[in-house]
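Subject: Structure handover

Dear colleague,

Here is the structure for your files. Please look it over before reading the notes that follow it.

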Amino acid sequence: MSEEMKEVNLEEMEATAGGAGKKKTVYTVVRGDNLSKIAKRYGVTVKQLVEWNNIADPNLIFPGQKIILYV
């Protein structure tokens with residue numbers, strides 16, 4: 001490997017994609033929330049929220065549920 005090439009940590013790269021950062025934040029879902037609203041509020045994508053939280057059905061979240069974000 002040349003000096004110019006650096007190793008890339010794929011988890012870090014995924015965590016920072018789409019406006020997301022490295023600081024772990026836990027958000028508690030409130031009535032009326034959906035993943036789109038949460039994603040927009042924090043500057044991340046719905047896809048990232050689904051992946052970070054292993055959400056099987058992105059259309060099914062509930063008040064009180066804890067959502068992990070990296071911002």
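The largest nonpolar core has 13 residues, and those with the most contacts inside it are Leu35, Ile38, Val44, Leu49, Ile67 and Leu69. Two or more residues of this core come from each of α2, α3 and β2. Please keep in mind that this is a predicted model.

Ile67 also has contacts beyond its neighbours within four places in sequence: Thr25, Val26, Tyr27, Val29, Leu35, Leu49, Asn53 and Ile55.

On aromatic rings, the structure holds two pairs. One is formed by Tyr27 and Tyr42, which sit edge-to-face, 5.8 Å centre to centre with 65 degrees between the planes. Tyr27 belongs to strand β1 (residues 24–28) and Tyr42 to helix α2 (residues 35–42), so this pair ties together parts that are 15 residues apart in sequence. Tyr27 has 10% relative accessibility and counts as buried, whereas Tyr42, at 27%, counts as partly exposed.

The other pair is Trp52 with Tyr70: the ring centres are 5.2 Å apart and the planes are at 80 degrees, so this pair is edge-to-face. Trp52 lies in helix α3 (residues 46–53) and Tyr70 in strand β2 (residues 66–70), so the pair links parts 18 residues apart in sequence. Trp52 is buried because its relative accessible area is 18%, under the 20% limit. Tyr70 has a relative accessible area of 24% and is therefore partly exposed.

Regards

Conventions
Residues numbered from 1 in each chain as written. Predicted model: local features only at pLDDT ≥ 70, side-chain atom pairs only at ≥ 80, totals over all residues. Heavy atoms only, no water. Phe/Tyr/Trp six-rings, centres within 6.5 Å; stacked < 30°, edge-to-face > 60°. Helix = DSSP H or I, 4+ residues; strand = E, 2+ residues; numbered from the N terminus. Buried < 20%, exposed > 50% of the residue type's maximum accessible area, 1.4 Å probe, protein only. Core = buried A, V, L, I, M, F, W, Y, C linked by side-chain atoms within 4.5 Å. Contact = heavy atoms within 4.5 Å.
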